[in-house]
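A short report will do, with one table.

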Amino acid sequence: MPSTSPEAEVAPVAAAPVPARPGPAAPDGDVVGLGRGRAMVFVAPALVLVGVFLVFPAVWTIYLGLLDYSLTGSAAKAPTFVGLGNYVTALGDPAFTRSLYLTLLYVGFSAVVGQNVLGFLLAWFFRTTHAVVRNVLNVLVLLAWILPGSVVAFLWQALLDRRDGTLNAILGTTDYAWAIDHPMAVIIVFNIWRGTAFSMLLYAAAINTVPRSHLEVARMAGARPWQQLRDVVLPTVKRHVLTNTLLITLWTFNDFSPYLLTGGGPDNQSEILPVYIYKEAIIGGHLGYGSAISLLLLVANLVIAVAYIRLLRTRSHDEATA
Amino acid sequence: MRLSRRAVLLTSGTAVSLVLTGCVGAKDSGAKANPSANASAKDVTLVISANDVAGGKNAAEAAWITDSVIPGFVAAQKAKGVTAKVTFNGSGVEDEQYKTKLELNLKTGSGADVFAADGIWLGELASAGYVKPLDDVVGAPAKSWDGWQQISKAVQQNLAFKDQLYGIPNGTDGRVLYFNKSLFSKAGLPADWQPKSWADIISAGQALKKLPGVNPIQINAGVPMGEATSAQGFLPLLAGTGQPLYNDSEAKWQGATEGVKDVLKFYQQVYGSGLGDKRVQQDKAGRDQSFADFSKGKIGILAEGDYFWRSVICPSKKDCGTTSMANRNDVVGWAKIPAMTPGKGVNGQDFVSVSGGSGWLLSPKTKYPQQAWELMAFMASKDMQTALSKAQIRISARADVNDATLTNDPLLSFISKEVLPITTYRPSDEKYNEVSLAIQEATGKVVTGTSPDEAAKAYQASLQKAVGAEHVSGG
């Protein structure tokens, strides 16, 4: 995230003293020699876009979170200022804390463990197979990833349906309502199935960067496949693992598609935070409260992102000093 | 250095956003509608929206709008020298989703000029300023419309809020218990079954339970069923315990009272002893599932409104799709919903019901208020309502239409003669829908095994959160 944020590009330019006209690269970092004013003109469109589509909605959310604003009723006409009331309510509401707990379960099992491990294993075991097999596998896994969410949800409903579902037909079970009896397990398996493609592609690329000579040396020294994996491949792809985990964690944290499978039910048993926010803000019409929880979700995302970036930084620092 | 620049950027961004922000709400709410806007326009564009869709939900009404209303209205306007372009914007989704879409449209000032809405949403919509009284939007023509004489006060109330009319009702309804006569005869129960108490329903359920593959009783529960849980299940039962949900004179909602606990205990009797299918109540598409099950003869007793009779299990495959029942008139029986025990119902009644009704409202932001009103009045005219009743008989808002059509349908004449006189209506208060959600949650909890007392306690707490502790009785 920091590498793409516009101010990272602005900072070195802005720090330069303003030259009168474009000149040769200055030692202070004004590499292009544009000067402050021109540089600002170049980044202005990006800044405006970021301001309009990122900063403004975020601030707007903070503002709405301080009101008892609602979609209908008298609170829609004249919302009153409730300060931190929404946050106090949310943090004291067992529905919110349960939803947070379910979200952590969902992210932990489906993304951090599920997609990561399965993606890596697929990439690892199929790296040496015949190109045809690998391509077929790639297509199958990718298909799960690129199909539109609503289509996929419909397919899964048909798979899990209680009366005429494919799964019940295969297993010979009758009248087994998978999405109702095991809602969390269903959405976790669903998300692993759906999201593994990304991890697989990223790890396949990462494994390719492991120098063949290292692997051959290890093999000649008598390392078993498991030892090669542990001592040669994993150290090389560590940074990829972190990056991948960061990305899929954030995506899964904000993932809404479980709603299409279970609707957060039964009895809120699969109501992860994005679903909880949708139900409160849009269905229930509590826009102020919904904004407040959205901000809490944003903060949770930031905490995760910062933690990962810290890890990445210490790693690159270790490597630099090693 | 870098940090401080970041801070500057953040602060300036915040400042800009705050300036742009202004304040939410309050926009337009003071603005007066102008009834005479574009009143003499020669080119008029109007949009109708409803939760009807060709080939899906309420297909008969969708066909009525596109095949009768629109051509008829366009022709009538043409006779006056006005070119009218009317389009129909249909949906076929759960009512809650339609409501959300409607509210978002009204909030942003977009959407249809004339739209269908359930009467129980009116309190919310009017309090938010999304809809305005006919007097303000249309003015004199709405007051002097001759159709009002045909619409009873009770039905008009469905689209009235704080003594002002907001639209034209399109009818009313009533809830009964439907039962499958062939299952009943197999279980040794009479074809003219009429339970006198809740215990009679339970004992019929126990007899039906002996039949294989049959789900004896379907009383809607839980959040996925939405308003159908409250209107078809909880509220008729609550009316059978003697007190209405909302006490007008005290401005209090029933919290964890004895009546509420009795109702929840009844749910426990049904779903705790295998007399009902728990999972149908938990399924996201549970209500549709219950419709499908009943139409296949797998449900013994089911509580629903007349909507179920005319739009779900009608004999015509074209109108009712996969849930149509070709032998409906022979197989399906109906009975009034009994009070808990005889005489225990509201006003000392033996039998109770719940009614509501939807209707047509117009957006206060319409560019053509007079023409939109003319369109609404045209839809509610005797000719158009008669045409609708041919596609699908229902209890129309108009007495003259009902007199001519209801005799053709045994259930609808039963409801209008036997049920409407003893029925109850839901409060039009803007908080009703939140209270209804608390009801859905409480019944859902009982279905999944929470004790009635505990579910009542949780219901009391959500109710206090929604309407304020001073407006909740009991507990």
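Two strands count as paired if DSSP finds at least two bridges between them. By that rule, β13(B) and strand β14 (residues 351-355) of chain B pair in the antiparallel sense, over 2 bridges. Ile337(B) stands opposite Val352(B) in β14(B). The model is predicted.

**Confidence**

The predictor gives the complex an ipTM of 0.78 and a pTM of 0.81. Chain B has a mean pLDDT of 90, and 93% of its residues reach 70 or more. Two stretches of chain B fall below 50. One covers residues 16-22 and has 9 contacts in the model beyond near neighbours in sequence. The other covers residues 26-30 and has 4 such contacts. Where pLDDT is low, the predicted coordinates should not be read in detail.

**Domains of chain B**

Chain B is divided into domain 1 (43-169 + 357-425) and domain 2 (175-355 + 428-473). Their C-alpha centres lie 28 Å apart. Across the boundary, 28 residues of domain 1 of chain B are in contact with 24 residues of domain 2 of chain B. On the domain 1 side, α2, α3 (95-108), α4 (122-127), α20 (410-419) and β16 (423-425) of chain B each supply at least two residues. The largest share of that side comes from α20(B), with 6 residues.

**The five-stranded sheet**

An open sheet of 5 strands in chain B has the order β2-β1-β3-β15-β6, with mixed pairing. β2 (83-90) and β6 (167-169) of chain B each have a single partner strand, so one side of each is left without a neighbour in the sheet. Neighbouring strands are turned by 25 degrees against each other on average, direction ignored.

| Strand pair | Sense | Bridges |
|---|---|---|
| β1(B) and β2(B) | parallel | 8 bridges |
| β3(B) and β15(B) | antiparallel | 5 bridges |
| β6(B) and β15(B) | antiparallel | 3 bridges |

Thr45(B) has Lys85(B) in β2(B) as its bridge partner. Asp118(B) stands opposite Ser358(B) in β15(B). Gly167(B) has Leu361(B), also in β15(B), as its bridge partner.

How many residues of β15(B) are buried? The count is 5 of its 5 residues. Ser358(B), Trp360(B) and Leu362(B) point one way from the strand. Gly359(B) and Leu361(B) point the other way.

**Helices on that sheet**

Helix α2 (residues 59-79) of chain B lies across β1 and β2 of chain B. It runs at about 170 degrees to β2(B). Helix α17 (residues 369-379) of chain B lies across β1, β2, β3 (114-118), β6 and β15 (358-362) of chain B. Its angle to β15(B) is about 160 degrees.

Of the 11 residues of α17(B), 9 are buried, so this helix is largely enclosed by the rest of the structure. Among the buried residues are Ala372(B), Trp373(B), Leu375(B) and Met376(B). Gln370(B), Gln371(B) and Glu374(B) are also on the buried list.

**Cores**

The largest nonpolar core has 168 residues. Val114(B), Tyr267(B) and Met376(B) touch the most other members. Which residues does Val114(B) touch, not counting those up to four places away in sequence? They are Leu46(B), Ile48(B), Trp360(B), Leu362(B), Ala372(B), Leu375(B) and Met376(B). Another core, of 11 residues, lies apart from the largest one and includes Leu122(A), Ala123(A), Val141(A) and Leu202(A).

**The three-stranded sheet**

The strands of the opening pair, β13(B) and β14(B), belong to an open sheet of 3 strands with the order β13-β14-β16 (chain B) and mixed pairing. Its edge strands are β13 (337-338) and β16 of chain B, and each pairs on one side only. Helix α10 (residues 227-239) of chain B lies across β13, β14 and β16 of chain B. The helix runs at about 135 degrees to β14(B).

Arg279(B) is found in helix α12 (residues 278-282) of chain B. Leaving aside neighbours within four places in sequence, Arg279(B) is in contact with Arg162(A), Ala177(A) and Ile180(A). Arg279(B) and Val467(B) are 188 residues apart in sequence and 31 Å apart in space, C-alpha to C-alpha.

How values were computed
Residues numbered from 1 in each chain as written. Chains lettered and ligands numbered in written order. Predicted model: local features only at pLDDT ≥ 70, side-chain atom pairs only at ≥ 80, totals over all residues. pLDDT = per-residue confidence, 0-100. Contact = placed C-beta atoms within 7 Å. Core = buried A, V, L, I, M, F, W, Y, C linked by C-beta atoms within 7 Å. Buried ≥ 20, exposed ≤ 12 C-beta atoms within 10 Å, placed from the backbone. Helix = DSSP H or I, 4+ residues; strand = E, 2+ residues; numbered from the N terminus. Axes fitted to C-alpha atoms, helices over the stretch in contact; angles between N-to-C directions. Domains from an automatic or database assignment.
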